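Take a moment with the fold below. Trace the chain from one end to the other, then read on.

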Amino acid sequence: MNEHPVPVRAPLKKEPYRHEQPRGMIPDLIHHGVTTDWLEHDNLWVPTPSGSFFKPVVFSPSEGLYINLIRVERSGVLSRHRHSGTVHAIVLKGRWQYLEHDWVAEEGSFVFEPPGETHTLYVPDGVDEMVTLFHVKAGYVFVDVDGNALGYEDVFTKMDKAREYYSSIGLGEDYINRFIR
């Protein structure tokens, strides 16, 4: 017998909320086609020193997070890094793995990465293109095989890279404002 029955409500009418949203609330952000149209090659993919590219979806400096698409068009090691926050990932094309684990993230896979984890991102031979949507909270430190820090990446360094790149191709450094919330 159910000791805590769920209350039954009358269905809501199809009508919008009647009041103003809270003062100072940031506006919604919607990008249509993020998992389809956005995967096409265009000038919004920011090149990185590792030979990969990222396309911003949202930068949230107040929350210390960013969401972006990562595109890799070669096999091999992309980076070794230690996370200080959680990461959620959905593989949209290709496959990749961490050398420290026995699983492979393939197209359609979801991956959760806990804070504190250190791993080496590897795109296997035979993968012509890998695209993954990454939701990164906090940042990560690039490390060598012994864990010695080599550099770091967070929402601020990602914003700087995007700002510099978009400015260099004539879109202006304010172009990234469309991604900031």
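What share of the contacts in the chain with a separation of 6 or more comes from residues 24 or more positions apart? The share is 65%, where contact means heavy atoms within 4.5 Å.

This is a predicted model, in which local features need pLDDT of at least 70 and side-chain atom pairs count only at pLDDT 80 or more, while totals for chains, interfaces and linings use all residues. Residues are numbered from 1 along each chain as its sequence is written, and side-chain values use heavy atoms, with hydrogens and water left out.

Begin with the whole chain. It holds one helix and 12 strands. Helices (H or I, at least four residues) and strands (E, at least two) are DSSP runs, numbered from the N terminus. From the N terminus on, the elements run β-β-β-β-β-β-β-β-β-β-β-β-α. The C-alpha trace spans about 60 × 55 × 30 Å along its principal axes. Of the 181 residues, 37% count as buried. Buried means under 20% relative accessible area, exposed over 50%, and partly exposed in between, with a 1.4 Å probe and protein chains only. The accessible surface comes to about 11300 Å². Carbon and sulfur atoms own 54% of that surface. Accessible areas come from the Shrake-Rupley method with a 1.4 Å probe; for residues, only the protein chains shown count as cover.

Now take the sheet that contains β1. It is an open sheet of six strands, in the order β1-β2-β3-β10-β5-β8, with antiparallel pairing. β1 (46-47) and β8 stand at its edges with a single partner strand each, so one side of each has no neighbour in the sheet. Two strands pair if DSSP finds at least two bridges between them.

β1 pairs with β2 (residues 53-60) in the antiparallel sense, over two bridges. Val 46 stands opposite Phe 54 in β2. Pro 47 has Phe 53 of β2 as its bridge partner. The two strands form a hairpin with five residues between them. In that turn, Gly 51 has a positive phi of about 90°.

Seven bridges join β2 to β3, and the two run antiparallel. Val 58 stands opposite Ile 67 in β3. This too is a hairpin, with four residues between β2 and β3. Gly 64 in the turn has a positive phi of about 70°. β2 is mostly covered: seven of its eight residues are buried.

Axes here are lines fitted to C-alpha atoms, for helices over the stretch in contact, and angles run from 0 to 180 degrees between N-to-C directions.

Beyond the helix comes Glu 173, in the segment after α1. Glu 173 is partly exposed, with a relative accessible area of 46%. It touches Arg 163 and Ser 167, not counting residues up to four places away in sequence. Trp 103 is 70 residues from Glu 173 along the chain, and their C-alpha atoms are separated by 39 Å.

Phe 110 counts as exposed because its relative accessibility is 52%. Together with Ile 90 and Phe 112, Phe 110 makes a nonpolar surface patch of about 310 Å². Patches are made of residues with over 30% relative accessible area and no salt bridge: like charges are joined within 9 Å, nonpolar side chains (Val, Leu, Ile, Met, Phe, Trp, Tyr) within 5 Å. A salt bridge is a side-chain nitrogen of Lys or Arg within 4 Å of a carboxyl oxygen of Asp or Glu.

Turn to the sheet that contains β7. Six strands form this open sheet in the order β7-β6-β9-β4-β11-β12, again with antiparallel pairing. β7 (104-106) and β12 (149-153) are the edge strands; each has a single partner strand, so one side of each is left without a neighbour in the sheet. The twist averages 30° from one strand to the next. β6 (residues 95-98) pairs with β7 over three bridges, in the antiparallel sense. Gln 97 stands opposite Val 104 in β7.

End at the loop between β10 (130-137) and β11 (140-143), which holds Ala 138. Most residues other than glycine have a negative phi. Ala 138 has a positive phi, near 70°. Ala 138 is partly exposed, with a relative accessible area of 26%.
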